[in-house]
Amino acid sequence: MSDTVSLPAAIRLLIIDDEIVFVEVLAKRLSRRGLCVEKAFSGQQGIQKLRHCDYDAVLLDLKMVDMDGLEVLKVIKIIDPDLPVILLSGHGASEAAQRGLAGGAFDFLAKPCDLDRLMEKIRTAVASRFRKEPNG
Amino acid sequence: MDETRQMHPEYTLLARKMFLTILVVSYVPVLLVSLTIYLQFRGVYRQKVEDHLVEMVRKHKQQIDAFLHARLADVRFLAQSFGRDTLSEEAFLQRQLAFLQGAYGATFVDLGVIDARGRQISYAGPFKLGQAEYAGAAWFQQAMAERAVISDVFLGLRGLPHFIVAVCSGEGQDAWVLRATIDFEAFNKLVGGIHIGATGVAFIVNRDGEFQTTGPASPIAAEKVFGGYQTCAVDPSRKIHVYSHPDENGVRSIYVTGLLKDRNWLLVYRQQAADAFHQLRRAEKMSLFFFILGGMLIVVMALVISRRMASRVTKADREKEIMRRQVIETSKLAGIGELAAGVAHEINNPVAVMIEEAGWIQDLMEDERISEPEDRAEIQRALQQIHTQGRRCKEITAKLLSFARGSDGSIRLLDINQIIEDVIRLVAQQAKFTHIEVETVLAPDLPPLSGSETEMHQVVLNLVNNALQAMAKDGGRLTVFSEVDGPWIVIGVQDTGPGIPAANLERIFDPFFTTKPVGQGTGLGLSICYGIIKKMGGRIEVDSRVGQGTTFRVVVPVPPTTS
């Protein structure tokens with residue numbers, strides 16, 4: 001499927017999570033795999049970054065101290081309804097994740113997650129976005 | 001039996017109490033009823049036996065009196081019908097004797113006519129008494145004086161026991177006496193015929209205590225009989241007198257006496273009491289046997305029943321205690337389950353970091369540039385981070401474990417403030433995510449409380465969890481406080497949630513009452529808290545205002561030794 005659409009050379013990914021250490025190391029590893037990773041350590045910060053830059057996908061933690069992940073998702077969907085958002089949660093397949101999927105999230109991953117699976121999901125998400133708006 | 005041997009003293013006491021109660025309740029009525037019936041029966045039976053004896057003695061007395069008077073009448077009839085001259089002819093007298101003997105058998109032994117000086121004029125009978133002199137005989141003098149006499153028994157000239165019936169006719173020098181001798185044996189038969197039981201005998205004594213019939217086989221003290229005689233003589237209104245006396249050997253006998261022959265003789269009936277009442281004795285023995293047998297049966301049954309009951313109570317209590325622990329355990333697990341969401345997040349975050357850091361090290365090693373100092377430093381940092389995150393996990397699991405420990409129910413002195421802080425630490429993360437401010441106001445000089453640590457943990461955790469859940473939607477402020485109120489320690493959990501509607505307020509401690517959707521709450525939390533605190537002698541108070549919040553106050557007494 002991904003062969004039929006052209007992916008951008010470097011996927012621009014925004015990670016929103018208040019677990020700073022986690023964001024830092026994940027960013028490093030994804031960068032090594034050729035992604036262009038931007039970090040936000042709170043919901044507010046993430047929304048700020050989204051307002052100013054364009055991203056191909058967002059990795060969003062469901063539980064943050066300042067704002068609930070689902071609220072951030074709502075705002076993202078207002079700013080850019082087509083931006084694929086992959087939810088991350090320490091809860092496993094929780095009720096919040098289900099609500100997130102219903103609220104327009106692209107997919108859901110439980111923490112801790114396998115990096116290869118994460119990469120796969122990010123690629124699929126970006127591909128879907130480009131299939132939807134091939135001229136974007 | 002093993003069970004009863006292992007019984008707690010409390011249950012032994014219970015068994016003993018039950019035993020005594022069963023014994024008293026079943027024995028006392030039986031005893032009272034038996035005693036009443038026995039006494040009634042004994043009284044009636046004795047009365048009946050005595051009445052029977054009295055009746056018998058009265059009948060015989062009348063019979064004997066009638067016999068004596070009939071004989072006297074016979075003699076009087078002879079004297080008045082034929083006169084002295086006719087009767088003086090011995091042949092005529094012999095004929096009259098033959099008539100009498102023909103009519104009455106051997107009762108009349110002989111007949112004699114005696115003149116006023118006491119000389120016998122004529123005689124008919126088996127003895128050669130001819131011209132016998134009776135002037136000095138007591139019966140003769142009495143006959144002359146009283147016109148008629150029935151003498152006491154005496155041996156007389158013939159040397160055989162007999163008595164005389166005599167009438168006097170004529171006046172002064174012409175007076176004469178017709179006498180008849182009554183055969184002792186024939187008379188004796190009248191009395192000797194009275195025989196009841198093994199020891200019942202009848203006999204007659206005169207005023208001097210001499211036997212007028214054959215005396216009883218066993219010796220009898222004359223004064224005792226005479227005592228009865230006196231009583232009868234003194235109180236003539238009582239024609240028949242009944243009394244009992246022990247003899248020299250201590251054997252008690254019943255005496256029934258009645259006066260005869262114008263109160264000159266006494267008819268005595270004597271029977272040993274044991275003999276007279278032997279049927280009563282037998283009934284007594286039999287009742288006593290059944291009473292003792294029944295009593296033993298009651299004792300055995302009471303013992304068996306009370307032991308069985310006590311062992312059942314012991315078993316039921318033991319099972320109840322096990323159930324209680326299981327319910328507490330279950331609800332604790334449920335409580336932990338409710339916490340699990342928050343805790344999972346807490347644990348998964350450091351685990352995720354560790355996995356990523358490990359992955360990062362792998363990434364770096366794949367590059368084969370490890371020798372470069374910045375890479376080495378990066379690996380060092382990643383390893384340090386794994387270490388740090390690992391420690392974080394350990395702390396969380398340690399916190400959880402302190403709650404997951406089994407409810408051993410062991411009683412020790414508890415620091416309530418410490419327990420509150422443990423619980424707050426456990427829920428802090430969850431509170432942070434639901435925008436709940438947590439505040440603790442702890443009394444610094446709180447006396448220790450005796451109780452089970454895990455149970456107390458559970459009570460506080462349950463109340464705090466409820467408060468957090470009440471405010472989960474809109475956030476708020478949780479205040480947990482401890483204070484001393486006289487002899488009480490108060491643990492308070494206050495929230496600023498929506499409050500509990502009045503309709504629900506009175507049901508919140510009911511088991512299985514919950515407002516949560518099916519499958520999300522057991523409805524047991526508060527009822528178990530209530531049970532735990534009640535067992536400690538305390539109570540849980542609720543103050544809730546819709547729209548303002550709810551305050552739960554756990555009030556437990558300070559143990560006397562520490563107050």
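What percentage of the 136 residues of chain A count as buried?

1. The figure for chain A is 51% of its 136 residues, where buried means under 20% relative accessible area with a 1.4 Å probe, protein chains only. The model is predicted, so local features need pLDDT of at least 70 and side-chain atom pairs count only at pLDDT 80 or more, while totals for chains, interfaces and linings use all residues. Residues are numbered from 1 along each chain as its sequence is written, chains are lettered from A and ligands numbered from 1 in the order written, and side-chain values use heavy atoms, without hydrogens and water.

2. Chain A contains five helices and five strands (DSSP runs: H or I of at least four residues, E of at least two). Their order from the N terminus is β-α-β-α-β-α-β-α-β-α.

3. At the interface, 21 residues of chain A are in contact with 25 of chain B (heavy atoms within 4.5 Å). The two chains bury about 2100 Å² between them, 56% of it on carbon and sulfur atoms; this is accessible area (1.4 Å probe) lost on being put together, summed over both parts. Arg29(A), Arg32(A) and Lys63(A) supply 27% of the area that chain A buries against chain B, more than any other three residues.

4. Five salt bridges link chain A and chain B (a side-chain nitrogen of Lys or Arg within 4 Å of a carboxyl oxygen of Asp or Glu). One of them pairs Lys28(A) with Glu378(B), with the closest N and O atoms 2.5 Å apart. Helix H1 of chain A, residues 20-32, gives the most to the side touching chain B, with seven residues.

Technical notes. Buried means under 20% relative accessible area, exposed over 50%, partly exposed in between (1.4 Å probe, protein chains only).
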